[in-house]
Amino acid sequence: MHWPFCLSKCPYCDFNSHVRHAAVDEERFARAFTREIETTAARAPGREVTSIFLGGGTPSLMQPRTVGRILDAIGQHWHVAPDVEVTLEANPTSVEATRFRGYRAAGVNRVSLGVQALDDASLKMLGRLHSAREALDAVAIARSAFDRYSFDLIYARPDQTPEMWAGELQHAISEAAEHLSLYQLTIEEGTPFFGLHAAGKLKTPDEAVARALYDITQEICGKHGLPAYEISNHARPGAECQHNLVYWRGEEYAGIGPGAHGRLDSDGLRHATATEKRPEGWLMRVEASGHGVVTDDILNSEERADEYLLMGLRLNEGIDPARYRTLSGRALDPGRIATLTEEGAITIDASGRLRVTQSGFPVLDAVVADLAA
Ligand SMILES: C[S@@+](CC[C@H](N)C(=O)[O-])C[C@H]1O[C@@H](n2cnc3c(N)ncnc32)[C@H](O)[C@@H]1O
Ligand code: SF4
């Protein structure tokens, strides 16, 4: 479920997020979400919902009542597993933290907080509206309201040294419970950071420093019982985000709300769906026809197999080469597997799964491109 609004646009972010100076008509959006859920459930009936992710944008700008209506609609139109994981993405400001108990009462059982950095100078550089103190207070409120919470940090920031990051990460781990998302700053085209970077006014760590930052991340998290289960996600074993595993394992998911992507099967075919990105455009489409879907493509076998590689190799558990063969109709090239194994980028484990190694992860894109070729 994508909630597309934010209080301000962060200069590094290219998510589908929009700032509105007039109040958002939540009542009207809640009705549209309910309607799109009903339409999507009619095209994908009989499924069991095992996880729900309210992402954004900034879902923590929603009133708990709106979240409750969305979750109730899901429960009315699909069967929801008794142990369903329901995550809400929240910005760590004091205002938003006051809603946490309301979200829990509405059915949310996990929050993911966008802390991003633990020092005020970095937060300012990232264009964030909260201080480090405010973020840590929000983490404490999350801890008291939910059994499960996670937070995000962005590293490989301008001027960040491995020593500075090691200290910050250790601090973060002392505040974390079972899960942390640690993203390297990516310079996304079309963002203000992209222009600054191109003009030489924003310098990100060079390759060697970025590699050192990555290695320290793995070492410190591993030592504290939070190994990476995905290239940027760390959890205590058993505390992985079930929802994200659905994407990376190539399972089915429904995408609802403005700019949401879905993968739904029908008659043995996999459909890749995407909805209208502009919030008001999506609203009008849903009100007129019950859904905001603007793209509905059937993936051919090669596309399905490539997606399985691209997503699955992000995971520590890797991929099953036999499933790749079933999807694509051809086996992965044994010659390429042998070369990448020799180079130490991949390994085939005892159960036959193909996994990227610790030294392969920093060059994951090249590994995927090589195997998919
Ligand atoms: C949709 S946002 C998070 C939700 C919430 N709006 C927030 O900012 O706290 C998901 C996460 O992606 C990460 N992210 C977004 N843009 C990024 C970039 N250019 N490089 C690295 N991480 C990024 C941030 O850590 C962010 O918390
Ligand atoms: S990082 Fe979060 S708050 Fe900032 S613009 Fe992106 S979605 Fe909105």
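Colleague: Before we start, what do buried, exposed and partly exposed mean here?
Modeller: Buried means under 20% relative accessible area, exposed means over 50%, and partly exposed is in between. Keep in mind that this is a predicted model.

Colleague: OK, so where does Arg-31 fall, buried, partly exposed or exposed?
Modeller: Arg-31 has 46% relative accessibility, so it counts as partly exposed.

Colleague: Which residue does Arg-31 form a salt bridge with?
Modeller: With Glu-27, and their closest N and O atoms are 3.3 Å apart. Both sit in helix H1, which covers residues 26-43. They are four residues apart, about one turn of the helix.

Colleague: And is Glu-27 buried, partly exposed or exposed?
Modeller: Glu-27 is partly exposed, because its relative accessible area is 33%.

Colleague: What else does Glu-27 form a salt bridge with?
Modeller: Arg-69, with 3.0 Å between the closest N and O atoms. That pair links distant parts of the chain: Glu-27 is in helix H1, while Arg-69 is in helix H2 (residues 64-77), 42 residues apart. Arg-69 comes out at 24% relative accessibility, so Arg-69 is partly exposed too.

Colleague: Which residues make up the salt-bridge network there?
Modeller: Glu-27, Arg-31, Arg-65 and Arg-69 are linked in it.

Colleague: How many salt bridges are there in the whole structure?
Modeller: A search finds 23. One of them joins Arg-278 and Glu-276, with the closest N and O atoms 3.2 Å apart. Arg-278 is exposed, because its relative accessible area is 51%. Glu-276 is buried, because its value is 12%.

Colleague: New topic, ligand 1. Which residues come nearest to it?
Modeller: There are 18 residues around ligand 1, and Gly-57, Asn-91, Gln-116, Asp-152 and Thr-186 come nearest.

Colleague: What classes of residue are in that shell around ligand 1?
Modeller: The shell has eight polar, six nonpolar and four charged residues.

Colleague: Which strands each supply at least two residues of the shell?
Modeller: Strands E3 (79-90), E4 (110-116), E5 (148-155) and E6 (179-184).

Colleague: Which side chains have an N or O atom close to an oxygen atom of the ligand?
Modeller: Gln-116 has a polar side-chain atom 2.7 Å from an oxygen atom of ligand 1. For Arg-128, a side-chain N or O atom is 2.9 Å from an oxygen atom of ligand 1.

Colleague: How much of ligand 1 does the protein bury?
Modeller: Taken alone, ligand 1 exposes 560 Å², and the protein buries 92% of that.

Colleague: And what about Thr-58?
Modeller: An N or O atom in the Thr-58 side chain is 3.4 Å from a nitrogen atom of ligand 1.

Methods: Residues numbered from 1 in each chain as written. Chains lettered and ligands numbered in written order. Predicted model: local features only at pLDDT ≥ 70, side-chain atom pairs only at ≥ 80, totals over all residues. Heavy atoms only, no water. Near = heavy atom within 4 Å. Polar contact = N/O pair within 3.5 Å; in protein donor to acceptor, adjacent residues only side chain to side chain. Areas by Shrake-Rupley, 256 points an atom, 1.4 Å probe, with all protein chains shown as cover. Nonpolar A, V, L, I, M, F, W, Y, C, P; charged D, E, K, R; others polar. Salt bridge = Lys/Arg side-chain N within 4 Å of Asp/Glu carboxyl O. Buried < 20%, exposed > 50% of the residue type's maximum accessible area, 1.4 Å probe, protein only.
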